[in-house]
Amino acid sequence: MAENGLGRRELLGAGGVAACGLALTACGAGGAQAQPSLKGKVLAKAADVPVGGGKLIKDLKVVVTQPSEGVYKAFSASCTHKGCQVSTPKDNVIRCACHGSEFAADTGQATKGPATAPLASFQVKVEGDGIVVV
Ligand code: FES
């Protein structure tokens with residue numbers, strides 16, 4: 001019983017009052033839960049993620065995009081077709097060079113096959129000058 005109460009309080013503390021102000025729609029957006037190992041991790045500097053483009057963080061297998069000014073999104077860089085690593089986003093499209101699949105940089109949805117499933121997404125926020133997984 002006491003343990004349950006504690007656990008609940010910790011959950012609230014971790015997920016509750018995050019600094020989700022600013023113009024960050026990423027904060028309220030749905031999507032896959034972050035892998036535990038990525039939670040709290042600074043993925044990239046916001047300044048390194050161009051509007052309409054993005055940054056591929058190869059060692060974390062994550063791609064960060066800025067589909068519109070001040071809105072940051074993060075997705076798994078593993079293509080949902082056969083698992084190749086996608087390329088650096090351009091023109092709001094995340095492409096996979098292996099077989100030509102394309103994903104929308106704002107939602108991760110597959111817009112061109114052969115992939116049909118969306119890229120797994122991570123919720124992120126801007127903290128200081130970095131993009132952080134929440
Ligand atoms: S693995 Fe990406 S399109 Fe086939």
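The largest nonpolar core of this predicted model has 26 residues. Within that core, Leu43, Val64, Ala74, Val124 and Ile131 have the most contacts. Several strands supply it. Two or more residues come from each of β1 (42–45), β3, β4 (71–76), β6 (102–104), β9 (124–127) and β10 (130–133).

Val64 gives a view of the packing. Setting aside residues up to four places away in sequence, Val64 touches Leu43, Ala44, Val49, Gly54, Lys55, Ile57, Tyr72, Ala74 and Ile131. Three of these partners, Leu43, Ala74 and Ile131, are themselves listed with Val64 among the core residues with the most contacts.

Now to the strands. An open sheet is formed by 4 of them, in the order β2-β3-β4-β8. The pairing is antiparallel. At the edges lie β2 (54–57) and β8 (121–122), each of which pairs on one side only. The partner of β2 is strand β3, residues 62–68. These two strands run antiparallel to each other and share 4 bridges. Across this pairing, Leu56 stands opposite Val63 in β3.

Step back to the whole chain. Its secondary structure comes to 1 helix and 10 strands. Of the 134 residues in the chain, 29% are buried. How far apart in sequence are the residues that contacts join? Counting contacts between residues at least 6 apart, 50% join residues at least 24 apart.

Note on methods: Residues are numbered from 1 along each chain as its sequence is written. This is a predicted model: local features need pLDDT of at least 70, side-chain atom pairs count only at pLDDT 80 or more; totals for chains, interfaces and linings use all residues. Two strands pair if DSSP finds at least two bridges between them. A nonpolar core is a set of buried Ala, Val, Leu, Ile, Met, Phe, Trp, Tyr and Cys residues joined through C-beta atoms within 7 Å. A residue is buried if 20 or more other C-beta atoms lie within 10 Å of its own, exposed if 12 or fewer, and partly exposed in between; C-beta atoms are placed from the backbone. Two residues are in contact if their C-beta atoms, placed from the backbone, lie within 7 Å.
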